[in-house]
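Morning, everyone. I'd like to walk you through one model today. Here it is.

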Amino acid sequence: MHALRPLLRKSLFNLFAATLACAALLAPRAASAEALLLIEADTGKVLQADNATIPWYPASVTKIMTAYVTLRAVKDGRLTLDSLLTVSPTAASQSPSKMGFRPGTQLTVDNALKMMMVKSANDMAVVLAEGVGGSIDGFSAMMNDTAKKLGMTQTSYVNPNGLPADGQITSARDLGILARSFLRDLPEYEYFVHIPAIRFGKRTTGNFNKLIGRYPGADGFKTGFICASGYNLVASATRNGRRLIAVVLGANSGTARAVKAAQLLERGFGQDNLTWLRPSLGTVDNLVPVDASPPNLRDEMCGGHRKRPASDDDDALIAANGGTSGSASATGGEAQVTFFTAGLQPPLMKASELMASAPAATEPVLVYTGPTRTGTALIAAVAADADQQTASKPRGKKSRVAKKPDAADKPKDAGKDAAKDTKTAAVKPVAKPAEAKKNDKSNDKSDTKTAAKPAAPKHAAAKHDAAAKPAEKPAASSDPKPAKPKAATKPAAKPANNS
């Protein structure tokens, strides 16, 4: 018997070592899965929690805290919604998504908040941070102090917009706490988290949160995306006086996060009469944090397998993939998402169809630069912003057209861009023979629009020629088949990296 003890100890040790090795192998997989949380807004009661206390990169859901700190300052009387803020060079230099205002541009706190929350404008987040905290570092300190007071023990901030930074960390648990605090502490400013769309000048931008205007009862909050975090969403909805908050972190597309949030919310509303069947998960504040590093999903989200650069404005709807979102995780492994009001009714519709449908028709909220205006002064301000867009818009779109020489199906955008390029005045309408035009290298260099645009139908060429001389009516083209330009065109700019 004594002789067997060393063998038994060795066997137990090997078994224990194998168990630890398996756990080590499985841990990264668990950490890289989606983090999900569903809570009641009033009570904080947890209805579902999966990986809810694993640290995560927040991306642009950071802007919920930026809005919270700013609106607390407004509520405390340190500034007003009409206070004028100035776009600094630091704010103007932020990566997209952004409004793109030049340094020195002024706008109100109210308009900056609307632009930040709907368009997820990174430059507006810095404008607010500098206006409230004096600098990015000063405002970040205010954000961290607020997070500590709210009990967000897993959160730290280094910037107000969520652009990639190692020290920018949160968790689904902490985001649930923040969303509850926003609704509890700032009910008079709740409007900012569920604006369906804004219109600046001639440009209308819909909220990236696809639940707003589509999911019944949806009334907040904010999306976020960077390559390391995946697609994040904090969403809220209210039915029969009961409000729920869903948090989805690490989804694989903008639509997938909306579908998952719709699932969570619908299950929560369906638990009204079935809560006694489920064990209590306590409140969100009592969820135990996990001491780990946040997963980095860069390769999965932004690797070479993607057909186009990923961004927070992900319009690759589920319908484009045959009713799925690329993985079973997008719909919880179900072919269709069933909605239950009491856990007993038959399925009503697919969440993918709901998210792919057009949002409810609403009038976009007007935003503008300069001081607060009303009546005819507001109309004049909106018109002035539209004129400014017409005068300064070309470069952003020019880069996109130059980068995609096969985009012949967008002649209108190309025409607008050409109208703003001062060099195109030297370009003659398509009157040259095709062979001569092909050999004209100087024309290729002077007109990047012509070089970037491939052979197109006659009507597209006519629109392009018309845009080349915006000040006068162009003559009709005599060449029905413009020559196919050279494909080797110098790209103009790096693709936008939306947060």
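First, a definition: helices (H or I, at least four residues) and strands (E, at least two) are DSSP runs, numbered from the N terminus. Now the ground rules. This is a predicted model, with residues numbered from 1 along each chain as its sequence is written. Local features need pLDDT of at least 70, side-chain atom pairs count only at pLDDT 80 or more, totals for chains, interfaces and linings use all residues, and side-chain values use heavy atoms, leaving out hydrogens and water.

Start with Glu190. It is in the loop between helix H7 (172–185) and strand E5 (197–200). Is Glu190 buried or exposed? Buried means under 20% relative accessible area, exposed over 50%, partly exposed in between (1.4 Å probe, protein chains only). Glu190 has 18% relative accessibility, so it counts as buried. Contact means heavy atoms within 4.5 Å. Leaving aside neighbours within four places in sequence, Glu190 is in contact with Phe182, Leu183 and Arg243.

Next, helix H4, residues 109–119. Here 11 of the 11 residues are buried, so H4 is largely enclosed by the rest of the structure. Among them are Asp110, Lys114 and Lys119. Ser120 follows H4, with a positive phi, near 60°.

Ser120 leads us to Lys222. Their side chains are joined by a polar contact of 3.0 Å. That term means a pair of N or O atoms within 3.5 Å; within protein, one must be able to donate a hydrogen and the other to accept it, and residues adjacent in sequence count only if both atoms are side-chain atoms. Lys222 sits in strand E7 (residues 218–226). Lys222 is buried, at 1% relative accessible area.

Last, the record. An unreviewed UniProt entry places the feature "binding site" at Lys222. UniProt positions are in the numbering used here, feature names are shortened, and annotations may be inferred rather than shown by experiment.
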